[in-house]
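Here is a short briefing to read alongside the model. Please keep the 3D view open as you go through the points.

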Amino acid sequence: MCPYYAKNEDYCDVGCGYISSCDVKTIIRYCMRSHADCLKYRELTDRGIRSTAILHPHSAPAR
């Protein structure tokens, strides 16, 4: 499972709030199976944003 899934709408909104049929396809394809192929996952990791910083923005500085 992708470490960013359903954590914070500001970073990745997949799994947050209303889930459309398009979101279900994305969740199955990328979030559950191969999140390393997801463009949003690569963008967040390239920027050095850790999933712990998304969950607790004041306790873990983003790198």
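A surface patch is built from residues with over 30% relative accessible area and no salt bridge, joining like charges within 9 Å and nonpolar side chains (Val, Leu, Ile, Met, Phe, Trp, Tyr) within 5 Å. A salt bridge here is a side-chain nitrogen of Lys or Arg within 4 Å of a carboxyl oxygen of Asp or Glu. This is a predicted model, in which local features need pLDDT of at least 70 and side-chain atom pairs count only at pLDDT 80 or more, while totals for chains, interfaces and linings use all residues. Residues are numbered from 1 along each chain as its sequence is written, and side-chain values use heavy atoms, leaving out hydrogens and water.

**Overall picture**
- The chain has three helices and zero strands, where helices (H or I, at least four residues) and strands (E, at least two) are DSSP runs numbered from the N terminus.
- Of the 63 residues, 29% are buried; buried means under 20% relative accessible area, exposed over 50%, and partly exposed in between (1.4 Å probe, protein chains only).
- The accessible surface comes to about 4,500 Å², with 52% belonging to carbon and sulfur atoms; areas come from the Shrake-Rupley method with a 1.4 Å probe, and for residues only the protein chains shown count as cover.

- Met1, Ile19, Val24, Ile28 and Met32 form a nonpolar surface patch, and together they have about 450 Å² of accessible area.
- Val24 lies in helix α1 (residues 21-31) and counts as partly exposed because its relative accessibility is 39%.
- Within α1, Asp23, Ile27 and Cys31 are buried. They sit on the same side of α1 because they cover an arc of only 45° around the axis, taken from the directions from the helix axis to the C-beta atoms.
- An α-helix has 3.6 residues a turn, so residues three or four places apart point the same way.
- The exposed residues Ser21, Cys22 and Lys25 are on the face of α1 turned away from its buried side.

**The loop around Ala36**
- Ala36 is in the loop between α1 and α2 (39-46), and is partly exposed at 48% relative accessible area.
- Leaving aside residues up to four places away in sequence, Ala36 touches Tyr41 and Arg42, with contact meaning heavy atoms within 4.5 Å.
- The C-alpha atoms of Ala36 and Cys2 are 8.2 Å apart, although 34 residues separate them along the chain.

**Cysteines**
- There are zero disulfides in the structure, a disulfide being a pair of cysteine sulfur atoms within 2.5 Å.
- The sulfur of Cys2 has its closest cysteine sulfur in Cys31, at 5.8 Å, too far for a bond.
- Cys38 is in no disulfide either, as the nearest cysteine sulfur, that of Cys12, is 6.0 Å away.
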